[in-house]
Amino acid sequence: MHRRVLARRVCSQCGLDYNLIAHRPAIDDVCDVCQGALLTRADDNPEALAIRLAAYHTETRPVIEIFQRKEYVATIDASAQRARGV
């Protein structure tokens, strides 16, 4: 997951999202749609990611676990879909 998050890019002009692992632009660092520069988001760095993950584990995960115990959460494994390129 770290690798995927740190590979995100966003177009500085139109805001289109890219991922250098799964959705690469045709020309490096250039948006396919408007030819704007692709930038790394300010919060896509190892330090910010560590803070976001810590917040998830302390604030969000406990809420998910409550709903799982009440059987209100459906878990879907989409990894097979990604592997096929869907």
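## Salt bridges, sheet and cysteines in a predicted model

The side chains of glutamate 65 and arginine 61 meet in a salt bridge, with 3.4 Å from N to O. This structure is a predicted model. Both glutamate 65 and arginine 61 belong to helix α2, where 4 residues, about one turn of the helix, separate them. Glutamate 65 is partly exposed at 32% relative accessibility, and arginine 61 is likewise partly exposed, with a relative accessible area of 32%.

**Salt bridges**

Side chains of opposite charge can pair when their charged atoms come close. The count for this model is 7 salt bridges.

Arginine 41 is partly exposed, with a relative accessible area of 32%, and aspartate 43 is partly exposed at 30%. Aspartate 44, in contrast, is buried, at 5% relative accessibility.

**The sheet**

Strands of a sheet pair through backbone hydrogen bonds, either parallel or antiparallel. In this model, 3 strands make an open sheet in the order β2-β1-β3, with antiparallel pairing. Strands β2 and β3 are at the edges and have a single partner strand each, so one side of each lacks a neighbour in the sheet.

Strand β1 covers residues 8-11, and strand β2 covers residues 17-19. The two pair in the antiparallel sense over 3 bridges. Valine 10 has aspartate 17 of β2 as its bridge partner, while arginine 8 is partnered by asparagine 19 of β2. Together β1 and β2 form a hairpin with 5 residues between them. Glycine 15, in the turn of this hairpin, has a positive phi of about 85°.

Strand β3, residues 38-39, runs antiparallel to β1 and is joined to β1 by 2 bridges. Here cysteine 11 stands opposite leucine 38 in β3.

In a regular strand the side chains alternate between the two faces of the sheet. Which residues of β1 lie on the covered face, and which on the uncovered one? Arg9 and Cys11 make up the covered face of β1, whereas Arg8 and Val10 make up the uncovered face.

**Cysteines**

A disulfide is a covalent bond between the sulfur atoms of two cysteines. The model has 0 disulfides. Cysteine 31 is in no disulfide, and the nearest cysteine sulfur, that of cysteine 14, is 3.7 Å away. A pair would count as a disulfide only with the sulfur atoms within 2.5 Å. For cysteine 34, the closest cysteine sulfur is in cysteine 11, at 3.4 Å, which is too far for a bond.

Are cysteine 31 and cysteine 34 buried or partly exposed? Cysteine 31 is buried, at 1% relative accessibility, whereas cysteine 34 is partly exposed, with a relative accessible area of 25%.

A pair of aromatic rings is described by the distance of the centres and the angle of the planes. Across the whole structure, 1 aromatic pair is found. Phenylalanine 67 and tyrosine 72 form this pair, with 6.2 Å centre to centre and 50° between the planes, a tilted arrangement. Phenylalanine 67 is found in helix α2, residues 46-69, the helix that also holds glutamate 65 and arginine 61.

Phenylalanine 67 is partly exposed, at 40% relative accessibility, and tyrosine 72 is exposed, with a relative accessible area of 62%.

How values were computed. Residues numbered from 1 in each chain as written. Predicted model: local features only at pLDDT ≥ 70, side-chain atom pairs only at ≥ 80, totals over all residues. Heavy atoms only, no water. Buried < 20%, exposed > 50% of the residue type's maximum accessible area, 1.4 Å probe, protein only. Salt bridge = Lys/Arg side-chain N within 4 Å of Asp/Glu carboxyl O. Pairing = 2+ DSSP bridges. Phe/Tyr/Trp six-rings, centres within 6.5 Å; stacked < 30°, edge-to-face > 60°.
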